[in-house]
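Thanks for coming. Please look at the sequence and the structure first.

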Amino acid sequence: METILPQPFRLKLYKGKAIAGICLIRLKDIKPKGLPDFVGVNSENAAHRIAVEWEENGVTKEGVYIPRRDTSLKLNALVGGRIFPGKHYFAKFNVIEENDDYHLDFTSSDDTQIEIDAKKSVEFNSNSIFETLNEVSKFFENGSVGYSPNGNNFEGLKLETYNWEVKPLEVLHVKSSFFEDETIFPKGSVQFDNAILMTNIEHEWKSLEKIKCL
């Protein structure tokens with residue numbers, strides 16, 4: 001994992017393991033604060049994330065490094081990294097939700113592919129390195145700050161939620177061409193751990209000061 005992690009970031013380990021994942025996000029009624037919902041836009045999105053730490057003014061910070069973002073909205077792909085932080089790849093998303101079953105797949109403009117089939121569960125994955133749902137919830141809640149590369153800088157976004165509630169998902173099938181790329185991650189170096197679900201979470205995104213590449 002360290003081979004794709006640039007300075008000044010370092011891995012935030014959990015029980016000696018690097019933690020990475022894909023945050024699949026449906027955004028609804030996204031618009032500048034204060035404007036009515038009808039001017040907002042909707043999109044399906046994916047962010048590949050790695051849990052990290054870094055030093056800022058002598059203080060250890062934590063969040064996520066996001067090597068790539070994908071979106072179903074052409075506007076995001078056009079202005080991402082220009083008007084708001086983070087370059088976005090345009091992708092064709094296929095999302096099916098029936099009762100408590102979920103299917104999502106997408107193929108991005110550079111042929112990056114994701115597939116997942118999952119269903120709601122009442123129990124957290126017992127094979128996870130996180131012992132409880134509460135532990136994994138706290139870990140990811142602390143990763144609400146994310147930085148993406150753009151030229152000689154890393155651009156930051158902070159997620160501020162009005163409430164935070166996660167539920168366990170049982171994953172029936174998962175595929176990621178990014179994490180299965182053996183030129184980046186040697187065979188056997190990546191193992192699926194768990195999935196969680198958040199729904200109907202009101203939130204805001206706030207831009208942060210850029211961090212310079214070292």
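The buried residues of helix H2 pack against strand E2 (13-14), strand E5 and strand E13 (195-197). This is a predicted model, in which local features need pLDDT of at least 70 and side-chain atom pairs count only at pLDDT 80 or more, while totals for chains, interfaces and linings use all residues. Residues are numbered from 1 along each chain as its sequence is written, and side-chain values use heavy atoms, with hydrogens and water left out.

Helices (H or I, at least four residues) and strands (E, at least two) are DSSP runs, numbered from the N terminus. Buried means under 20% relative accessible area, exposed over 50%, and partly exposed in between, with a 1.4 Å probe and protein chains only. Contact means heavy atoms within 4.5 Å.

Which residues of H2 (residues 133-141) are buried? They are Val136, Ser137 and Phe139. These residues cover an arc of only 165° around the axis, so they sit on the same side of H2; the arc is taken from the directions from the helix axis to the C-beta atoms.

Next, Glu155, in strand E11 (residues 153-161). Glu155 counts as buried because its relative accessibility is 9%. Its side chain makes a polar contact with the side chain of Asn150, at 3.0 Å. A polar contact is a pair of N or O atoms within 3.5 Å; within protein, one must be able to donate a hydrogen and the other to accept it, and residues adjacent in sequence count only if both atoms are side-chain atoms.

Last, Val52. Not counting residues up to four places away in sequence, Val52 touches residues including Leu5, Phe9, Leu11 and Tyr65.
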